[in-house]
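User: I have a structure open here and some questions about it. Can we go through it piece by piece?

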Amino acid sequence: MTESPEFYMQKALHLAEQAASQGEVPVGAVIVRRSTGEIVGQGYNQREIRKHALSHAELLAIGQACQNLGGWRLPDCALYVTLEPCLMCAGAILQAHIEEVWFGAYDIKNGAVSSLIQAFALPNQYRTVSHGGILQEECSSLLSSFFRELRIRKKK
């Protein structure tokens, strides 16, 4: 990889900020081809905008990467996401054969990589390695601010 994990997480954070500016839970994701450092997919949460349960940042990034690389398998790829993936996204990551996942904030309520369950440790034909806590403070702060402001708006 040509850049540091923090470099790519900053890109994901920028996407998360885009999501927040549109009233979405601020989660951003980028997929990087490990051998070249090229970003081949990106996405941010769009469940409210699209009115669709599958519009998670990771799934949108995976869809774009598959389209850009011309196949459903994403070997030689790493995913950087601002929040620990949920079970649905962890399953999609495994199905896409993404080799590595780097996430920022841990999700104690829905995290399926290390917090609630360890989906990547389940018996599976394909293995994905995960690294948590990359720019954790920045990722957590963005989420906390978003939900704090949401609660304030709901009270008014």
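User: Which residues does Ser 55 touch, not counting residues up to four places away in sequence?
Analyst: A caveat to start with: this is a predicted model. In it, Ser 55 touches Tyr 44, Asn 45, Gln 46, Arg 47, Arg 50 and Leu 60, leaving out residues up to four places away in sequence.

User: And where does Ser 55 lie?
Analyst: In the loop between helix H2 (47-50) and helix H3 (57-69).

User: Is Ser 55 buried or exposed?
Analyst: Ser 55 counts as buried, because its relative accessibility is 3% and the cut-off for buried is under 20%.

User: OK, the sheet next. What is the strand order?
Analyst: The order is E2-E1-E3-E4-E5. It is an open sheet of five strands, and the pairing is mixed.

User: Which strands stand at the edges?
Analyst: Strand E2 (39-44) and strand E5 (129-132). Each has a single partner strand, so one side of each has no neighbour in the sheet.

User: How many degrees are neighbouring strands turned against each other?
Analyst: On average 15 degrees, with direction ignored.

User: How many bridges join E1 to E3?
Analyst: Five bridges, between strand E1 (residues 28-33) and strand E3 (residues 77-83). The two strands run antiparallel. Within this pairing, Ala 29 stands opposite Val 81 in E3.

User: Which strands does helix H1 lie across?
Analyst: Helix H1 (residues 5-21) lies across E1, E2, E3 and strand E4 (100-105). Its direction is at about 145 degrees to E1. Helix H5 (residues 136-155) also packs on the sheet, where H5 touches E3 and E4. The direction of H5 makes about 60 degrees with that of E4.

User: How far apart are the axes of H1 and H5?
Analyst: The axes are 11 Å apart, and the helices pack at an angle of about 5 degrees. H1 and H5 are therefore roughly parallel to each other, since angles under 35 degrees count that way.

User: Which residues meet there?
Analyst: From H1, Met 9, Leu 13, Ala 16, Glu 17 and Ala 20; from H5, Glu 138, Cys 139, Leu 142 and Phe 146. By class, the contact of H1 with H5 has seven nonpolar, no polar and two charged residues.

User: Switching to rings. How many aromatic pairs does the structure hold?
Analyst: Five. One of them is Phe 7 with Tyr 8, an edge-to-face pair with 5.1 Å centre to centre and 85 degrees between the planes.

User: What about the rings of Tyr 8 and Tyr 80?
Analyst: Their centres are 5.2 Å apart and their planes are at 35 degrees, so the pair is tilted. The pair links distant parts of the chain, with Tyr 8 in helix H1 and Tyr 80 in strand E3, 72 residues apart.

User: Are Tyr 8 and Tyr 80 buried or exposed?
Analyst: Both Tyr 8 and Tyr 80 are buried. Tyr 8 is at 1% relative accessibility. Phe 7, at 33%, counts as partly exposed.

User: Which residues form the aromatic cluster?
Analyst: Phe 7, Tyr 8, Tyr 80 and Trp 102 form one cluster.

User: Back to loops. Where is Gly 37, and what does Gly 37 touch?
Analyst: Gly 37 is in the loop between E1 and E2. Leaving out residues up to four places away in sequence, Gly 37 touches Thr 2, Tyr 8 and Val 32. Gly 37 is buried, with a relative accessible area of 13%. From Gly 37 to Ser 4 is 9.5 Å, C-alpha to C-alpha, and the two are 33 residues apart in sequence.

User: Last topic, the backbone. What is phi of Asp 76?
Analyst: Phi of Asp 76 is near 60 degrees, a positive value in a residue other than glycine. Most residues other than glycine have a negative phi. Asp 76 is in the loop between H3 and E3, and is partly exposed with a relative accessible area of 24%.

User: And phi of Leu 135?
Analyst: Leu 135 has a positive phi of about 55 degrees, although it is not a glycine. Leu 135 is found in the loop between E5 and H5. With a relative accessible area of 17%, Leu 135 is buried.

Notes: Residues numbered from 1 in each chain as written. Predicted model: local features only at pLDDT ≥ 70, side-chain atom pairs only at ≥ 80, totals over all residues. Heavy atoms only, no water. Pairing = 2+ DSSP bridges. Helix = DSSP H or I, 4+ residues; strand = E, 2+ residues; numbered from the N terminus. Axes fitted to C-alpha atoms, helices over the stretch in contact; angles between N-to-C directions. Contact = heavy atoms within 4.5 Å. Parallel < 35°, antiparallel > 145°, perpendicular 65-115°, else oblique. Nonpolar A, V, L, I, M, F, W, Y, C, P; charged D, E, K, R; others polar. Phe/Tyr/Trp six-rings, centres within 6.5 Å; stacked < 30°, edge-to-face > 60°. Buried < 20%, exposed > 50% of the residue type's maximum accessible area, 1.4 Å probe, protein only.
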